[in-house]
Amino acid sequence: MFSSKVFSGLNENALRYLLPTWMTAMSGVVLRLSFGTLFFWIWGLFTRHKAAPASLRDKLTLLGVGIIFVFGYMWTLLLGLTYTTPISSSIFISLQPVWVYIICLFLRTEHLSKGKVIGILVGFGGALLCVMTQHSGSVASDPFKGNMFCLASSVLFASYLVIEKRYLKRLSSATVSKWTFLGGALPAIVMVCFQGWHASVLTQGLFSTPMLILLFVLIFPTSVSYLLQDFALTELPATVVALYGDLILVVAAIASYILGQDIFSWWQIAAIILMIISVYLVEVAEKKGDDAVAQKHL
């Protein structure tokens, strides 16, 4: 998960560089989901002898999950990054543990915890601080609009984590990912037919900066990162996997200041600190809950 989220953090900065100068959000979604689909179907060829067979119902359900959650997450994320900064986007992505916990509460796979509730409130405080203090400028054309799209992306991705965790208990990561990515690619291709294809990055040389950045996005954050996440979900609870999203915020913040993709702000630093505290409180509450369960079994 550490490696996966480091790639995801750099993904924020890479996408911000490409959007909207070198490609539109929808064209970027098509490129990512098409490449990811190809990657996981090829990966499935090498792992099929060890994979449990998926029923027709499983395949159709996973396609639906891809259409709603995988496509929805990537589309809202790229739209958000078109208008806001990588740091602001990452602040909302860091809310993923909060959404996973709330979803699990509704599904009754988690119990209400005072520590987690406090952590959730602190996290919302950090996100609200980001929304209220960020203004349009040279690094963000419409931060409020972008932040709202990023907020939606974090909810959709958290939902995907919870659903994917359930399927990975009996199906291989290749099976789950190839069908969900295929499901996500279908509406993206349909929508780009109406919105138009705009990806001038593909006209650049193979070793040009835009093309190298696009190749990084397609290979590492889109494919390798999701593969590593699948492996982690087979060993860790979805809430713990979501906690590693905090690394995205740290990596994106460092890279943004170095690359000049954001302007230093004490309000932004305060929001980042609140998000880190939020994740810490949720993680501590998670550990206490696990320890209590283990003690009960003893």
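This is a predicted model: local features need pLDDT of at least 70, side-chain atom pairs count only at pLDDT 80 or more; totals for chains, interfaces and linings use all residues.

Trainee: What describes two packed helices?
Mentor: In general, we use the angle between their axes together with the distance between those axes. Here, helix α1 (residues 2-18) meets helix α11 (residues 246-259) at about 40 degrees, and their axes lie 8 Å apart.

Trainee: Is the crossing of α1 and α11 left-handed or right-handed?
Mentor: The crossing is right-handed. On the α1 side, the contact residues include F2, V6 and L10, while α11 contributes L247, I248 and V251, among others. Sorted by class, the contact of α1 with α11 has 9 nonpolar, 4 polar and 2 charged residues.

Trainee: At what angle do helix α8 and helix α9 pack?
Mentor: Helix α8 (residues 173-195) and helix α9 (residues 209-233) pack at about 135 degrees, with 10 Å between their axes.

Trainee: Which residues make the contact between α8 and α9?
Mentor: From α8 come S173, S177 and F181, and from α9 come T222, Y226, L227, D230 and F231. By class, this contact of α8 with α9 has 4 nonpolar, 3 polar and 1 charged residues. As for handedness, α8 passes α9 in a right-handed crossing.

Technical notes
Residues are numbered from 1 along each chain as its sequence is written. Side-chain values use heavy atoms; hydrogens and water are left out. Axes are lines fitted to C-alpha atoms, for helices over the stretch in contact, and angles run from 0 to 180 degrees between N-to-C directions. Helices (H or I, at least four residues) and strands (E, at least two) are DSSP runs, numbered from the N terminus. A crossing is left-handed if the near helix is turned anticlockwise from the far one by less than a right angle, and right-handed if clockwise. Contact means heavy atoms within 4.5 Å. Ala, Val, Leu, Ile, Met, Phe, Trp, Tyr, Cys and Pro count as nonpolar, Asp, Glu, Lys and Arg as charged, and the others, Gly among them, as polar.
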